[in-house]
Amino acid sequence: MEPTPATVEQLLRNILHPASGKDIVTAGLVENIRVDGKKIHLRLVFPQPDPLAAQLKKEIETILSATFPDAGIKGNIMELIRDKKPAAKPPATTEYNGLTEVKNILAVASGKGGVGKSTVAVNLAVALAAMGCRVGLADADIYGPSVPKMIAAENEQPLMQQSGGKEQILPVERYGVKWMSVGFFVPSGQPLIWRGPMTTGALRQLVRQAAWGALDVLLIDLPPGTGDIHLNIIHELPLTGAIVVSTPQALALADVEKGVNMFLNKNVRVNVLGIVENMAWFTPAELPQNRYYLFGKGGAKALAQKMRLPLLAQIPLVQSICDSGDSGIPVALLDTPASAAFRQLASAVKADLRI
Ligand SMILES: Nc1ncnc2c1ncn2[C@@H]1O[C@H](COP(=O)(O)OP(=O)(O)OP(=O)(O)O)[C@@H](O)[C@H]1O
Ligand SMILES: [Mg+2]
């Protein structure tokens, strides 16, 4: 097949510009497609400097050279910043922004997977709500959303509503908290496959397009790691702080240190409220006074001291927490020693909120 401006344009319609949620042609980013012998030229026009420009350029080169292997593309994609008429892309201020009445946005994070971030986030949300705070939680784990199951809301579907010509998503309300998760939009058990830039768009939509209303605090349950998704969230959302979860284990602690540094980085500077030590010790239900330090003792405390951060709470490893994750009734709603630990965490966090 020989390239023509029309076939090139058709191919480019497969490339998504995540910030606008449209393909790059529809979003008005592509201009001046020319085919000159074996060379394809085009211009990418952005209304403002766009961090995704390089990646989009690469995607264009990949898709065109796969379809037209003989064509010359590299070096022929020009990039231009030009403020276009509002019709091309509405300025960010006219997009619906559900965060305008949210007083605090806290990320619940850890460099490490499986340490209990979602468990801590969900129970903290419920415990804060029980203390009279207006709370929302956004599950930012778009590859493996676990929040819907943890609140027994796997079959819930958030409603959409139009207001002032803008589409909003109504969070699911349960246990006095407003919840949002990608898991509400996809059948459970199905793997989600996202291309890199789409993740940013999906998360942005999930958090900003939700009609949170007036909240004292919105918790963001982050996926494990310290990768691009995290940096995008940190740069896209006006975070007011972060809570970092760790187990006492030395291996977890090294990753957690990375997680803390991700927020303290001089280009980011998100306030870290402190560290939560999860699975601090094991207590069997039949011997509630006993503590077995399966993963070592005092590890998170030492890390907190080293990083000059408060240790916000120590949560025991108990069967009831594990069971509550499966039953969808957060343990913070119940009256057990583990619930008391989450209440303590909620008090410590509440004291740090700007309300
Ligand atoms: N204190 C605890 N006691 C007992 N079980 C726990 C405790 N904390 C977490 N768990 C269990 O450990 C598992 C992992 O917890 P969770 O999903 O909260 O971790 P996560 O850090 O969010 O994981 P991921 O990195 O995959 O997002 C779950 O089955 C949860 O029920
Ligand atoms: Mg999780």
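These questions and answers walk through a predicted model of one chain and its ligand. Residues are numbered from 1 along each chain as its sequence is written, and chains are lettered from A and ligands numbered from 1 in the order in which they are written.

User: What percentage of the residues in the chain is buried?

Analyst: Buried means under 20% relative accessible area, exposed over 50%, and partly exposed in between (1.4 Å probe, protein chains only). The chain has 355 residues. Buried residues make up 49% of them.

User: Which residues come nearest to ligand 1?

Analyst: A residue counts as near when one of its heavy atoms lies within 4 Å. There are 16 residues around ligand 1. By class, this shell has 8 nonpolar, 6 polar and 2 charged residues (nonpolar: Ala, Val, Leu, Ile, Met, Phe, Trp, Tyr, Cys and Pro; charged: Asp, Glu, Lys and Arg; polar: the others, Gly among them). Those that come nearest are G114, K117, S118, T119 and P316.

User: Which residue has a side-chain N or O atom 2.9 Å from a nitrogen atom of ligand 1?

Analyst: A polar contact with the ligand is a pair of N or O atoms within 3.5 Å; within protein, one must be able to donate a hydrogen and the other to accept it, and residues adjacent in sequence count only if both atoms are side-chain atoms. S118 uses a polar backbone atom, 2.8 Å from an oxygen atom of ligand 1. V318 also uses a backbone N or O atom, 3.2 Å from a ligand nitrogen. The side chain asked for belongs to N278.

User: What share of the area that ligand 1 exposes when taken alone does the protein bury?

Analyst: Accessible areas come from the Shrake-Rupley method with a 1.4 Å probe; for residues, only the protein chains shown count as cover. Taken alone, ligand 1 exposes 630 Å². The protein buries 78%.

User: Which element gives the largest share of the shell around ligand 1?

Analyst: Helix 3 (117-130), strand 14 (272-282), strand 15 (311-317) and helix 9 (319-327) each give two or more residues. The largest share is 3 residues. It comes from helix 3.

User: Which residue meets K103 in a salt bridge?

Analyst: A salt bridge is a side-chain nitrogen of Lys or Arg within 4 Å of a carboxyl oxygen of Asp or Glu. K103 lies in the loop between strand 5 and strand 6, and its partner in the loop between helix 5 and strand 12, so the pair ties together parts 113 residues apart in sequence. At 3.8 Å, N to O, the partner is D216.

User: Which residue joins K103 and D216 in a network of salt bridges?

Analyst: A search of the whole structure finds 10 salt bridges. Some are linked through K103 and D216.

User: Is E61 buried or exposed?

Analyst: The side chains of E61 and K74 meet in a salt bridge of 3.4 Å, N to O. E61 sits in helix 2, and K74 in the loop between helix 2 and strand 5. K74 is exposed at 68%. E61, at 18% relative accessibility, counts as buried.

User: What is the N to O distance between R174 and E156?

Analyst: R174 lies in strand 10 and E156 in the loop between helix 4 and strand 8, so their pair ties together parts 18 residues apart in sequence. R174 is partly exposed at 22%, and E156 is partly exposed at 30%. Their salt bridge has a distance of 2.8 Å.

User: Where is M279, which has a positive phi?

Analyst: Most residues other than glycine have a negative phi. M279 is not a glycine, yet its phi is about 55°. Its place is in strand 14.

Key:
Predicted model: local features only at pLDDT ≥ 70, side-chain atom pairs only at ≥ 80, totals over all residues. Heavy atoms only, no water. Helix = DSSP H or I, 4+ residues; strand = E, 2+ residues; numbered from the N terminus.
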